[in-house]
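Subject: Structure for your files

Hello,

Here is the structure I said I would pass on. My notes on it follow below.

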Amino acid sequence: MKFQIEKDVFQDALNQVQHVVSNRTTLPILSNVLIRADELGLELSTTDLDVTITKRVSAKVSSTGATTLPARRLAGIVRELPASEIDFEVNADNAAAVRSGPSFFKILGLPASEFPVIGEFGEAREFTIDQKLLRDALRKTSYAISTDETRYVLNGVNCIIGEGMLTLVATDGRRLAMVEQDLEFPAGNETGVIIPTKAVNELQRLLDVSGELKVAISDNQASFELNGSLLITKLIEGNYPNFRQVIPAQANYRVTVEREVLLAAVRRVSLLANEKTNSIKFAFEDNRLAISANSPEIGEAEEVIDVRYTGPRLVVAFNPEFVMAPLRNLDQDEVFIDLIDESSPGVIKIDEPFLYVIMPMRVAG
Amino acid sequence: MHNHAPFDPDKHTNEPQLNQLWNNISHELRGSLGESAYDIWFSDFRLGSVSPEEIVMIAPGTMYAIWVEENFKNSLSSAFTKFLGACGRIRFEVNEAASSVFRAETDAAEGNGAGEIPARVVPRILVEKVSEQKLLERGRASGLVEIFRFGNFVPGENSELAWAAARAVADQPGKTYQPLFFHSSCGLGKTHLLHAIGWESLRQRPKSKIIFVTAEQFANDYIDAIQKNALVPFRKRYREADLLLIDDVQFLGRKEGLQREFFHTFNRLADQRKQIVLASDCPASEINELEERLVSRFQWGLGVEIHRPGLETRAAILRRKRDDWRMAVSDEVIDRIVERVRGNVRALEGALIRVAMVATLSDEPFSPEKVAEVIADICDGDESRQVGAEEIKRAVAEHYDIDVNIINGKKRTARIAEARQVAMFLVRSLTDLSLVEVASAFGKDHGTVIYAVKKIKKRCEDSAAFKSSVELIKRRLVRGGSPMESPRASRNSSNANPRLGHGAKPVDFEVE
């Protein structure tokens, strides 16, 4: 196998695929990137057996073939190469000779035949979605994914397609983020799948702000094809619990607040959040919101911001990180906080189909 | 742990009593959480069953169960503790048929099929009912011993982590810690936990294939299979297990062929996400001539050490045994026994049996004072000979060639201060005494002890010579009355982190 490729092109492609490579070296081949050269160019693939990413790039191939090379190491070398063109030559023993300007590297690889073959894709439903739509929806929900491995069905984003809508949900039992987007959809294709965290992260890396992507969903796998890349992932098996159970039906009070002002104030006050309870207090009263924190052995913080609120005085405690996470991932200037009372779940909303349920913490005293 | 009134496990199983209890708990929760939070989260919960080990709550939906567990576990367990005197593990089962507060709005949304999803996530409630007798037979066929259950394991501060890990693995085999690796010196409950995981797992999933063997049995089966040229059935048996429990894995040491076979068995099971639980008398890395690849696999999951039980735990264990065996032995007598026998649980049981027997043989009421006499030889044979503060002071004084009274005194020349600090350090690391108790033994305040322990530890790290002289005193002390001291026990004691007192023993916690 022999080919010549532009450094920048190769480096970008390696960066896109190398995150999948597993840190666990149970199977050495899984730390490698599969490089396949054909008449059209190169195909780079990495996998951890759950998530597989394949990326096509153009290259001048003078002799076709396939090999695998250690992905992270290769990416590190390519980044440092001095010239804009790289020459690759791989011999029958999977040793790659890499030349670029005055540099020469020899990298030992493993045979391509050892690289795991991604399981057959069964009968799948295929459709196309706007990249920006999916990108925004994932960004607004994925931070709420549970990391508790004992509740594995919650270790991903639940995607439901049906009723002319794309619904994305993530929750960890203390907060829940949901996006509902109108989506034109041929009837009979309703489906619900749970995309695991790692695939969600990789997908977010690949998604662009324009263009479309092709999605295929089978019983236990999903694939996403976009911008010359193909991501295949196993889906989380099991049923996502009925999340609507924890979304409060109606609120008694609504607070309207500027998102960035709130985010900045919470960030500052949280510096003195009580380490034991990890909570800060939100006191709503008379178009004002006083955010305060009190750490007995460290000190106190308070910041008052203007909001629109005319109800009675309400004092609610929240985990500041849980308040900041959605604020960071929204774009709107204004957000609404809907409250029932001091001990019921609060809901953050915007003027788009998004909601975020957050559990209050008990206020001491 | 041992001073709550033992309550009858059958007391809260019938419905009126469960309802009564739930009313009480509800009232408590309304008070602590507020009316509206109670209404939102708990109004449709019921109590399923209550036993000392486990409280089962029936939730109106999986998501309810998850949120309540995440957010209100502490409130729940303190409410239960208030009415029951103790609170076992709280487990949630789901009954989707129950109504819900938010249901009014969500009913419509759930009708579309995509939103409403049945509660298959909690598989336990779908467990088919299998008669106790069948379970017993299956358990015995799997190599499980009846008496070792979670219900009669007494977790204490020495075994909390092991206990929690065992429960997690029994509830979710293959999903939490893979493998789970227990290690401790003998008689501290490894085997008990292995069997208990097996039984609980069998109860929750009666159809799963569970195998309990000692590594020696595994070896014998393997040799047998080779001789009879029947490796295929052997491999089929072990490699198709859903839960493999292996005791005494240290036996694998030095046996290359066996290790190779076990390696493949391990890999196959791990690949298929079947649960493996191992127990050994030392950490994986210390098993003699165990192949590196096996060591690293054993270290993949969670390694937990079970420590020697503290005084309270020992007392709780013995009271439990006494109740199980229906012995007429007073709490006072038990307290005397646990003060004297500090080693493993088997030694404790032996002492209890001996005392109970002597008590029944004599006509006079058995006085606590006689305990010492009756079990004198058991105390001596106890491998973890415990030394007292005074004994340590004497040994240190002897080593530094000064008078014991000087150590207790106020002189602060370099040599005497050093001797005093070494003595404090040794008392702290070799005895169960708390910081305050150590301090009072030396007539100092506890800050001084903390400082001394830190300083000696630092010096041990900095100077090998100093360390070996401290070790020398320690060895003399530990050997003291019993020249039979095993090398492992002495190594363990020298590894113990002296800054941590009893109740906060260092724990091997290896999560990758």
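Beyond its neighbours within four places in sequence, A:L14 contacts A:V33, A:L44, A:A71, A:L74, A:A75 and A:V78 (contact: C-beta atoms, placed from the backbone, within 7 Å). The model is predicted, so to speak of local features pLDDT must be at least 70 and for side-chain atom pairs 80 or more, while totals for chains, interfaces and linings use all residues. Residues are numbered from 1 along each chain as its sequence is written, with chains lettered from A and ligands numbered from 1 in the order written.

A:L14 is also among the residues touching the most other members of the largest nonpolar core, which has 123 residues; the others are A:V33, A:L168, A:L176 and A:F318. Such a core is a set of buried Ala, Val, Leu, Ile, Met, Phe, Trp, Tyr and Cys residues joined through C-beta atoms within 7 Å; buried means 20 or more other C-beta atoms within 10 Å of the residue's own. Helix α3 (residues 62-84) of chain B contributes the most to this core, 11 residues (helices are DSSP runs of H or I, at least four residues; strands, of E, at least two). A separate second core of 70 residues includes B:W163 and B:F266.

Chain A has an open, antiparallel sheet of eight strands, ordered β14-β11-β12-β13-β25-β24-β23-β18 (pairing takes at least two DSSP bridges). β14 (191-196) and β18 (253-258) of chain A are the edges, each with a single partner strand, so one side of each has no neighbour in the sheet. Six bridges join β18(A) to the antiparallel β23 (residues 334-339) of chain A, where A:E258 lies opposite A:E334.

Regards

How values were computed
A residue is buried if 20 or more other C-beta atoms lie within 10 Å of its own, exposed if 12 or fewer, and partly exposed in between; C-beta atoms are placed from the backbone. Two residues are in contact if their C-beta atoms, placed from the backbone, lie within 7 Å.
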